[in-house]
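Dear colleague,

Please find below the structure I am handing over to you. My notes on its strands and helices follow.

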Amino acid sequence: MADPPRPLPFLIVAAGLVSRDDGALLIARRPPGGFMPGYWEFPGGKLEEGETPEACLAREIREELGVDVEVGGIFQVKFHDYPDRRVLLLFYRCAIDPDARPLDHASGGLEHAWAKPSELSSYEMLPADEEVIGLLLARPPT
């Protein structure tokens with residue numbers, strides 16, 4: 001008799017919809033060697049034990065892109081199943097802290113870009129993030 005399938009690991013991820021005054025959103029390219037390398041995503045990451053989604057998001061963006069953000073309200077909650085994991089994504093409205101140094105001079109290291117919602121389809125976005133693009137076109141996160 002075959003063993004029952006193993007349950008997929010379950011992750012909670014906070015993602016930031018960081019917007020500028022012109023409506024462009026911050027996206028970052030996933031680094032080589034990790035999960036889905038080279039894909040673009042809304043910046044963020046996995047919650048650590050005892051961490052709130054808002055604190056996680058601020059920490060991850062600071063670590064990955066070298067800037068501080070102001071985390072606002074929730075924009076969307078989505079489940080997404082990848083072949084090897086199940087993810088609960090919490091998308092938050094965010095703005096770069098007005099006192100932060102410019103992102104172009106940040107010390108983080110991830111490749112990043114600013115794109116308006118209508119331009120996001122020209123980037124190879126993570127499938128879970130792609131699901132939110134239609135919502136962004138209908139109601140921008142600002």
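Strands (E, at least two residues) and helices (H or I, at least four residues) are DSSP runs, numbered from the N terminus, and two strands pair if DSSP finds at least two bridges between them. The model is predicted, so-called local features need pLDDT of at least 70, side-chain atom pairs count only at pLDDT 80 or more, and totals for chains, interfaces and linings use all residues. Residues are numbered from 1 along each chain as its sequence is written, and side-chain values use heavy atoms, with hydrogens and water left out.

Strand 2 (residues 25-29) runs antiparallel to strand 7 and is joined to it by 4 bridges; Ala28 is opposite His112 in strand 7.

Another open sheet, of 4 strands, shows mixed pairing in the order 4-1-6-5. Strand 4 (44-46) and strand 5 (69-82) each have a single partner strand, so one side of each lacks a neighbour in the sheet. Strand 1 (residues 10-18) and strand 6 (residues 85-96) run parallel, joined by 9 bridges, and Leu17 stands opposite Arg93 in strand 6.

Helix 1 (residues 53-65) lies across strand 1, strand 4, strand 5 and strand 6, at about 120° to strand 4; contact means heavy atoms within 4.5 Å. Helix 2 (residues 127-138) packs on the sheet and touches strand 1, strand 5 and strand 6, its direction making about 120° with that of strand 5.

Kind regards

Methods: Axes fitted to C-alpha atoms, helices over the stretch in contact; angles between N-to-C directions.
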